[in-house]
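This report describes a protein chain together with its ligand.

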Amino acid sequence: MTKPVLYTFNLSIWSACADIARVELGLVDKIDVMTIDLVQAENLSPEFIKTSPNATLPAVTADGKVYGSTVEVIEYMIKTSSVKAAPRTPLTDAVHHASVDPNFAWFATRNDAEIAARVSGMQKGFLQARLPKIKEFADLPESAPYKALYDEKLAGTEGLLAIYEGKVPEDAKQKFFSTSKANYESSRTFLLETLPSAITSGPFVAGDVPGEDDFHVVAWLFHAALIAGATHANEGLSALEKHFGASIPDKVKVLYEAWLPRESFKATYPNDIVH
Ligand SMILES: N[C@@H](CCC(=O)N[C@@H](CS)C(=O)NCC(=O)O)C(=O)O
């Protein structure tokens with residue numbers, strides 16, 4: 001029988017949830033890993049779309065089935081594992097809600113200074129690297145059934161590049177700023193209110209050991225630290241305080257620090273570099 005395969009990428013936020021859960025749940029020898037390079041847009045190759053129609057990471061294939069979202073992947077891992085993990089609560093839905101989308105937050109800009117930061121940062125280069133690859137995949141004859149997906153991805157990538165390159169009308173730029181501000185405000189509320197209210201005894205949301213919610217929240221938290229300006233995990237809490245202009249609640253600080261010594265964290269964030 002072939003082993004289940006986890007499709008993942010070391011810079012992908014939501015992949016980090018699955019990478020951490022695979023270690024925490026003792027599944028390293030039970031689930032193989034295959035890298036899908038998002039910089040090269042490999043998730044949009046027709047082969048990968050055929051494998052996992054959502055065309056996103058993480059995904060797991062096992063016993064002829066595909067688990068194509070983070071929630072499905074983690075749920076599958078917990079069912080497969082002999083390690084107990086407390087079941088998820090509405091916090092998992094909250095951290096996956098579009099209003100706090102961490103992938104959007106990475107591209108978001110609330111003003112011209114942030115556009116300049118995205119242009120000199122990794123964001124513009126990431127989009128420029130992906131664009132020709134998406135076009136290449138879109139042009140393959142076997143990609144024809146997925147035209148709508150390619151059109152959406154091309155429009156999204158070209159749209160962001162146009163904003164970064166000052167090629168959109170002023171009102172379109174202002175609209176992007178508003179959407180970006182809304183993401184910032186919702187993320188702030190999630191970090192300062194929603195998350196601490198969901199943590200009961202701590203240090204983890206689920207208590208002494210990570211539960212299902214924790215596997216989802218962890219990647220959002222360390223990615224938020226990156227967006228706030230941290231490179232290494234130990235700079236994250238102060239970066240978050242500065243970015244959001246508020247003290248981080250103690251329960252969140254304890255949760256954040258509880259992850260740092262864990263093997264799962266060290267394997268997913270080598271040298272404590274956040275992503
Ligand atoms: N809600 C989805 C989001 C997954 C997602 O957007 N994953 C990102 C990586 S963190 C991805 O695959 N992006 C590639 C793309 O959208 O083309 C989930 O949780 O599975």
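In what follows, a residue is near a molecule or strand if its C-beta atom, placed from the backbone, lies within 6 Å of it. The model is a predicted one, in which local features need pLDDT of at least 70 and side-chain atom pairs count only at pLDDT 80 or more, while totals for chains, interfaces and linings use all residues. Residue numbers start from 1 along each chain, as its sequence is written.

## Ligand shell

The ligand is surrounded by 13 residues, the closest being Ser12, Trp14, Thr56, Ser69 and Thr70. For the class count, Ala, Val, Leu, Ile, Met, Phe, Trp, Tyr, Cys and Pro are nonpolar, Asp, Glu, Lys and Arg are charged, and the others, Gly among them, are polar. On this basis the shell holds eight polar, four nonpolar and one charged residues. Helices (H or I, at least four residues) and strands (E, at least two) are DSSP runs, numbered from the N terminus. Helix α1 (residues 13–24) supplies the largest share of the shell, three residues.

## Overall fold

The protein chain has 13 helices and four strands. Its radius of gyration is 19 Å, close to the 19 Å that the globule rule gives for 275 residues, so the protein chain is as compact as a globular protein of that length. The radius is taken over C-alpha atoms, and the rule is 2.2 Å times the number of residues to the power 0.38. Along the principal axes, the C-alpha atoms fill a box of roughly 50 × 50 × 30 Å.

A residue is termed buried if 20 or more other C-beta atoms lie within 10 Å of its own, exposed if 12 or fewer, and partly exposed in between, with C-beta atoms placed from the backbone. Buried residues form 38% of the 275 residues in the protein chain. Two residues are in contact if their C-beta atoms, placed from the backbone, lie within 7 Å. Of the contacts with a separation of 6 or more, 69% are between residues 24 or more positions apart.

## The sheet

Strands of a sheet pair through backbone hydrogen bonds, either parallel or antiparallel. Here, two strands are said to pair if DSSP finds at least two bridges between them. Four strands form an open sheet in the order β2-β1-β3-β4, with mixed pairing. Its edge strands, each pairing on one side only, are β2 (32–35) and β4 (65–67). From one strand to the next, the twist averages 20°. Axes are lines fitted to C-alpha atoms, for helices over the stretch in contact, and angles run from 0 to 180 degrees between N-to-C directions.

Strand β3 (residues 59–62) pairs with β4 in the antiparallel sense over three bridges. Within this pairing, alanine 62 stands opposite lysine 65 in β4. Helix α3 (residues 70–80) packs on the sheet and touches β3 and β4, its direction making about 45° with that of β3.

## Backbone features in the loops

| Site | Feature | Value |
|---|---|---|
| Leucine 57 to proline 58 | cis peptide bond | omega about 0° |
| Glycine 202 to proline 203 | cis peptide bond | omega near 0° |
| Alanine 55 | positive phi, not a glycine | about 60° |
| Aspartate 63 | positive phi, not a glycine | about 50° |

Proline 58 is in the loop between α2 (46–51) and β3, and alanine 55 lies in the loop between α2 and β3. Proline 203 is placed in the loop between α9 (170–198) and α10 (212–227). Aspartate 63 belongs to the loop between β3 and β4.

Aspartate 63, with 7 other C-beta atoms within 10 Å, is exposed.

## Two further residues

Aspartate 19 is located in helix α1. With 24 other C-beta atoms within 10 Å, aspartate 19 is buried. Leaving aside neighbours within four places in sequence, aspartate 19 is in contact with Thr8, Ala267 and Thr268.

Histidine 232 is found in the loop between α10 and α11 (236–244). Histidine 232 counts as partly exposed, since 13 C-beta neighbours lie inside 10 Å. Not counting residues up to four places away in sequence, histidine 232 touches Asp272, Ile273 and Val274.
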